[in-house]
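Trainee: Could you take a close look with me at one part of this model? I would like to understand what I am seeing before I move on.

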2 protein chains.
Amino acid sequence: MSEPSHHGGNLRLALQKYGLGSQGFVDFSANLNPLGPPVRVLEVIKNNIDKVYSYPDPECTQLKERISSQLGVAEGDVIVTNGANELIYLICAHFSGGKALLVEPGFSEYLDAARAFCLDVAFYFLREDRNFVMDSDDFLNSARPESVDVIFICNPNNPTGMMISHDEMVKVVRGCEQSGAFLVVDESFVELSDFPDDSVIGLVKKFRKLLIIRSMTKSYGLAGIRLGYGISNSDLICNLLRKQPTWSVNSLAQLAGEAALTDSNYLARSRELIALERKLLFEGLMRPDIKTYPSNVNFILLRLLNNKISPWNFEDYLGRRGIIVRNCSNFMGLGDGFFRIAIRTKEENLRLLAALNGFQHDAF
Amino acid sequence: MSEPSHHGGNLRLALQKYGLGSQGFVDFSANLNPLGPPVRVLEVIKNNIDKVYSYPDPECTQLKERISSQLGVAEGDVIVTNGANELIYLICAHFSGGKALLVEPGFSEYLDAARAFCLDVAFYFLREDRNFVMDSDDFLNSARPESVDVIFICNPNNPTGMMISHDEMVKVVRGCEQSGAFLVVDESFVELSDFPDDSVIGLVKKFRKLLIIRSMTKSYGLAGIRLGYGISNSDLICNLLRKQPTWSVNSLAQLAGEAALTDSNYLARSRELIALERKLLFEGLMRPDIKTYPSNVNFILLRLLNNKISPWNFEDYLGRRGIIVRNCSNFMGLGDGFFRIAIRTKEENLRLLAALNGFQHDAF
C-alpha cells in the first residue's frame, strides 16, 4: 500500500491504484457540494470557451461587485482568489516570519502555508471527548492568542464537522481582537452547513483584525476551476492584493462565479439534501465497530473502533469497490483509524453503506 | 482621459471607455499568439467541462511529463504555474527581503512582485541608441550582478522586442553564475520569436543558479485560463513548489496545456505568420511621424516623433476606431510617446494601418 494521500480528491492516484475508470468511482474524500456545479455555471463556461484567449479582468470587477452586494460589504473589503487556498498562502506571506496559532485537527494547508513562509507555529488541540468542538473560553484562556500574530480557525471545522455558534464565535473574535492577534475565520463550509446565518462576515465592519475566507470551490462545486474570496478591512485587502499575482483568477472562474451567485436557491437546495442524507448516513453508520462524530455540515468524521482492523485495509477494501474515502491518519490530533466521508447524493451514499455492510474485520 | 492602463489586454476598461461591443475591438495591446489557441485546445475544454467539479491534479503530473519529455529535462526540474506571472511572484517570495536587479524598460510585473516581497531593487537601463538591445559585456561590467541576489532578464525583451543571441546569453549566464547571483531568464516570447532555438533551457543542466520562465499563455493563446512553467534545478523547484498554493493550476488549464503541446506544427505556423505580418507592419509604419524599433518577435515598439501629438490623443483616436494599443509611457526608461503593438492577423493588421493612415496630428 502507498502512504495516505496528503489531501482528499486526488482521483489520479485512485485511478492509478485501483485501475477503475473515473466513472467507476464515487469520491467521498473531497468534501464538495454533492449537487455539483449549478447547471447555469456549466452553460456559461460552455458558451464562453473563446474567453480562453484573452486576459482575465485582473480586478475581477463584476464578480467582486456581485459578492459585495450579496454580502453587504464594500468592494474594497473583498479579495477574489484562485481558490480559497491561494488566500491562505497570501495571508501567510503577509505574516511571513511571524507567529501563527493553528487549531488541530484542522485543514493541513494552514500548516503547509505557514511553514512555507517561515512562520513559527503554535497549536491548540480540540478534544475528542468534546467531539472536537471548540470551547471559546478554554481557547481564549489556554491557547494564548496574545502571543501570536495570526490565528486560523475553520468554522465549521474541517475535518471534524462541527460549527460553533455565532455567540461563541463573537466571543472568540472579541477575545482575539483584545489580544492583538489577527484572526482568520475560514468559513469555506458555512454555506453548506445547517447554520449559514451564523457566519461572522458581519463582524468585519466592527473588528479591524478579522478576515473571513469563503470557498466557492466547496460551496458551488468549482474545485477544478478554482474560486474563493476573502472579506476583511480594505487596508489588509490592499496588502494581500499586492502579493497576489496579477490575473490570478482565470476568466472562466470569474464567469462561473458570477453565474453561480445568481442561482438564488441552489445553496438552500444543497443544504436540504445534505441534512437529509447526513441523517441517513449517520443511521447507516451505527455499528459497533465504527464511531461517528456529530456533524452539522457536508461531511462526517468517523473512527474505526476495532483495532484489529488496519485502516489501510479498510481504505483499500472500499477503494477496490470504487469508493474513495479520506484517510485522516495524517491530521495532527487524529491518527490511525480516523476517516472523513463527504455527504453525497442518495444513490452514492447507499453505495457506500452497501459496501460497508459487506465489510467485516475478518474479511482480510 | 483616464491614466494609462497598467497592462495591455484589459478589454473591460476599453469597452467601458469606448462603448463598442467586445467584437468591435482588435486588441493590439496584449502580445499573445495571433492565431489564437490551437483548435484542439478549445475542443478539449469543451469536452471536459465536467472536470470543473473535481479537484485538479495538484502535481500536474501528465502535463509535467509532457513538458519534461519535449524539452529533454527531468520532471523534478519543472514547475507548472498559474500563468508565468505566478512564477515571477514565487521567485520574488523565495528571494524575499533580498536584492533584485531588473533590466528596464521591462515587464512591470518583476518590479511589482519584487516590491510586494520587499526586495531592494537595482536597475540596468537598455539604451535607446542601441535599440534597447542588451550588450552582454556592458551588462556584466556595469550592472554589478555580484551585488544582488536575483536578476530578471526577459529574452526576447518585452516591450522592446529584440532577442539577444544564444552566444550573448551564454556569456550573461556564465557571468551571473560567477558573480554569485541567481539569474531568471524569462523566455515567455521565445517560442514566438525568429530564434526559438536560441533558448537557454539547455543550460539549466550545467548552471545551478539559473531558472527559465515559459508562458503558454503567450505562446498558445491561453491568457484567459492561465498557464506557465519554469525550468531550473530540482532544489530550487522544490522550494518554489512549497510556496505555491496546492491546486494552483486549474484542471482545464492542465488539459489545455497537454493538448496544446501535441499540436506539433502550431508554433512553426505561428512564427511564419508573425514574421510575414511583422514585415508588412514595419513597411506600413514607415512614416515621418513614427519611429519603429527593430523586432524579432510578435510585437513592435514604436515612438511618436511629432511632439505636437499627445500620446493620449493618439491612443484615443485608435480606441474610438476599435483599436487598442499599449501605451508604454509607464515603462521605466521609455516615457511619453512610446507604444507597443502586437503582430496580429493580416486582416487585423490592415485595419490598424488603415486607421493610422487616417491619423494626422492636426486632426484633433
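Mentor: Happy to! Keep in mind that the model is predicted. In chain B, four strands make up an open sheet, ordered 9-10-13-12, with antiparallel pairing. Its edges are strand 9 (290-292) and strand 12 (326-327) of chain B, each of which pairs on one side only. Further in, strand 10 (residues 299-304) and strand 13 (residues 338-342) of chain B run antiparallel and are joined by five bridges. To find your place there, look for I300(B), which stands opposite I341(B) of strand 13.

Now turn to where the two chains meet. Chain A brings 46 residues to the contact and chain B brings 47 residues. On the side of chain A that touches chain B, several helices supply at least two residues each, including helix 1 (11-18), helix 5 (108-116) and helix 10 (251-261) of chain A. Helix 4 of chain A gives the largest share of that side, four residues. By type, the residues of the side of chain A that touches chain B are 20 nonpolar, 16 polar and ten charged.

Key: Residues numbered from 1 in each chain as written. Chains lettered and ligands numbered in written order. Predicted model: local features only at pLDDT ≥ 70, side-chain atom pairs only at ≥ 80, totals over all residues. Contact = placed C-beta atoms within 7 Å. Nonpolar A, V, L, I, M, F, W, Y, C, P; charged D, E, K, R; others polar. Pairing = 2+ DSSP bridges.
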